[in-house]
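Trainee: I am new to this structure and would like to learn how to read its features. Could we go through them one by one?

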Amino acid sequence: MTQTKKITNHISIANQEKEADLVIKNARIADVFNLEVFEGDVAITDGFIVGIGSYKGKETLDAEGRYLCPGFIDGHVHIESSMLPPSEFEKVVLPHGVTSVITDPHEIANVSGTDGLDFMIQNSEELTLDAFIMLPSCVPATPFEHAGATLLAGDLRSYLAHPRVLGLAEMMDYHSLRQASPDVIDKITMQSPMKIDGHLAGLDTNAINVYRAAGIDTDHECKTAQEAVERVRRGMYVMIREGSVSKDLSALVQAVTPSNGHRFLFCTDDKHIDDLLDEGSIDHNIRLAIKHGVPPLQAIQMATLNAARCYGLTHKGAIAPGYVADFVLLDDLKNVTISEVYKGGERVSFPPSSNGSHSTAVTPTLTNTISIPEINEKDLQIPIDASQLTNVIEIIPNNLVTHHVSTSVDAIGGSFQPSTENGLLKVVVVERHNKTGNIGVGIVKGFQLSYGAIATTIAHDSHNIVAVGTNDQDILAAIQSLQTINGGLTVVRDGKILSSVSLSIAGLMSIESCENVYHSLKEVKQSLQTLGFAGSFNPFLTLSFLTLPVIPSLKITDMGLFDVNLGQHIPNQSAHSKSS
């Protein structure tokens, strides 16, 4: 059917001259424009809502008084952080009412460049879920570490023609943006107009001016209500994030008012499969917002219409004529109890059946991504000058930000000795893409491990190997384990591998089903107890963000300790290259 005939047909149905494909009756409709609930028949044809009123349909669905809400939209998510490729990820989030996501595949792009980007686009074709793409803007995230690829404007420009590509993802490299680096300017001007996301972690109000002057529209890194207000005041959309490690919702919803609520939307950013399955996705954000005092309809508006408007998805986010028939039937509005999910007017079965074939078979460029030299205990030593204070990374549970602490530490033979009594452990970053031999070694406080070591190839955003442990032997065993399984997560005690999850797609995602990955991750969490861990945070997620040199205050890369506030490495802080 041509577009002309389709619109003509829709007009006839809207005018009650013809029957709709489907009519929903006896529903309480969530009006995200006026923030009220009303009743009426909803007529659907060709996957679009064509009328609300009194209609007849070839099929009728009796909603039996349930609430009819638009499908939820995740405004910013790295699908790779679920440890699943898109074709498995949709099986996890669709049951939670998420029918569209705005995804930034910069995790895999930092490992495998355009090969990784192509994989994410191809694997998300013809899914039930709509996966819109924001092109990675910072590969690598900064010039202060070594990633597996470099993407310039010329590498990205051709992707802008893809119908699911919406623009440029989070601009993380503020130092280069502020200096109007030619590479950054080339990216933000390669197509106009273009949606561009920001990343303003720990930055002041003048930085907001810089981002806005560059045409950047959003931020998902707010930590306080006042930060959110300052961004909205300068014309930004604020994404309220509730992920696996960074949980910002309780603080940020305090900034939401009836006057400015249209400038807020929800995102998960980085969320593991176990948290997605156990607590939910955007539906969890809605429930938390309601719990913290946001009216239910406003919370639903933030999860639907606001996200759609932010990204120019003009036919999504509402139950209204002319909008795509992506919707959720809720038994309860306040608790967001999901009864059924519909995509394009079709009821989603679980697990959802996609329209295409989505084999997770991948090329060797995506599976052979661990390339490191032989490492020994000597490579992990941290020389200590007893007469001086030592720089230490102090973690903040459930927060991406760290403290920069200067303190005296234990030493044996002039080298740092981890101590479980004072909570000071060793953290190691090994460059794993190009066999450079770069190793960054530092001291971290707050991991609450009494024994052994843990390691992972999920190390934002360059995704080198990162490990933390109580002794060098177990740290080395953990690193070697990751090499054996082609990347993933591992737990070690007394040289023995207690549990692991293989993430053979770029060291980030599994080729296994979502159910198998979920159970493997549960085993990893249980084995952490053997290391004496009893914290109220996810140590793997916390570890994976210690390597991100764009979030304050002290981080570590393969080039050593990095002072984010100063934008530079700390001289002579345990970084070396085995190849030098």
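Mentor: We start with burial, and one cut-off is needed: a residue is called buried when its relative accessible area is under 20%. Keep in mind that this is a predicted model.

Trainee: Which strands does S27 pair with, and in which sense, parallel or antiparallel?

Mentor: The general idea comes before the case. Strands of a sheet pair through backbone hydrogen bonds, and the pairing is either parallel or antiparallel. Here S27 is joined by 4 bridges to strand S25 (residues 453-456), and the two run antiparallel. Within that pair, Ile-454 is found opposite Val-491 of S27. S27 is also joined to strand S28 (residues 496-502), by 6 bridges, again in an antiparallel arrangement. There, Arg-493 has Lys-496 of S28 as its bridge partner.

Trainee: What lies between the strands in the hairpin of S27 and S28?

Mentor: The hairpin has 2 residues between its strands, and Asp-494 in this hairpin takes a positive phi near 55°.

Trainee: Which other residues have a positive phi without being glycine?

Mentor: Glu-126 is one of them, with phi near 55°. Glu-126 sits in the loop between helix H3 (106-123) and S10. Another is Asp-269, where phi is about 65°. Asp-269 belongs to the loop between strand S15 (264-267) and helix H10 (273-279). With a relative accessibility of 4%, Asp-269 is counted as buried.

Trainee: How many disulfides does a search of the whole structure find?

Mentor: A disulfide is a covalent bond between the sulfur atoms of two cysteines. The search of the whole structure finds 0. Take Cys-267 as a case: the closest cysteine sulfur, in Cys-222, is 10 Å from the sulfur of Cys-267, which is too far for a bond. Cys-267 has 0% relative accessibility and so counts as buried. Cys-514 is buried as well, with a relative accessible area of 5%.

Trainee: Is His-292 buried or partly exposed?

Mentor: His-292 has a relative accessibility of 35%, so it counts as partly exposed. His-292 lies in the loop that connects helix H11 (282-291) and helix H12 (296-303). Its C-alpha atom is 8.8 Å from that of Leu-249, although the two residues are 43 residues apart along the chain.

Trainee: How many cavities of 30 Å³ or more are there, and which residues line the largest cavity?

Mentor: The count is 8 cavities. The largest cavity holds about 70 Å³ of space. It is lined by 15 residues, of which Glu-170, Asp-269, Asp-270, Phe-545 and Leu-548 are the closest to its centre. By class, this lining has 5 nonpolar, 4 polar and 6 charged residues. The second largest cavity has about 50 Å³ of space. Its lining includes Pro-70, His-315, Lys-316 and Asp-326, and by class divides into 4 nonpolar, 5 polar and 2 charged residues.

Trainee: How should I read the open sheet of 3 strands?

Mentor: Begin with the strand order, which is S29-S30-S31, with antiparallel pairing. Strands S29 (554-557) and S31 (568-569) stand at the edges with a single partner strand each, so one side of each has no neighbour in the sheet. S29 pairs with strand S30 (residues 560-563) over 4 bridges, and Ile-556 is opposite Leu-561 of S30.

Trainee: Which domains does UniProt place on the chain?

Mentor: In an unreviewed entry, UniProt places "Amidohydrolase-related" at residues 67-348. That span is 34% helix and 21% strand, with its end C-alpha atoms 17 Å apart. UniProt also places "Adenine deaminase C-terminal", likewise from an unreviewed entry, at residues 400-565. Residues 400-565 are 20% helix and 33% strand, and the end C-alpha atoms lie 14 Å apart.

How values were computed:
Residues numbered from 1 in each chain as written. Predicted model: local features only at pLDDT ≥ 70, side-chain atom pairs only at ≥ 80, totals over all residues. Heavy atoms only, no water. Pairing = 2+ DSSP bridges. Disulfide = S-S within 2.5 Å. Buried < 20%, exposed > 50% of the residue type's maximum accessible area, 1.4 Å probe, protein only. 1 Å grid on protein atoms, 1.4 Å probe; cavity = no way out; pocket = protein on both sides within 12 Å on 5 of 7 lines; lining within 4 Å. Points joined across faces, edges and corners; volume = space filled by probe spheres on them. Nonpolar A, V, L, I, M, F, W, Y, C, P; charged D, E, K, R; others polar. UniProt positions renumbered as here; feature names shortened; annotations may be inferred.
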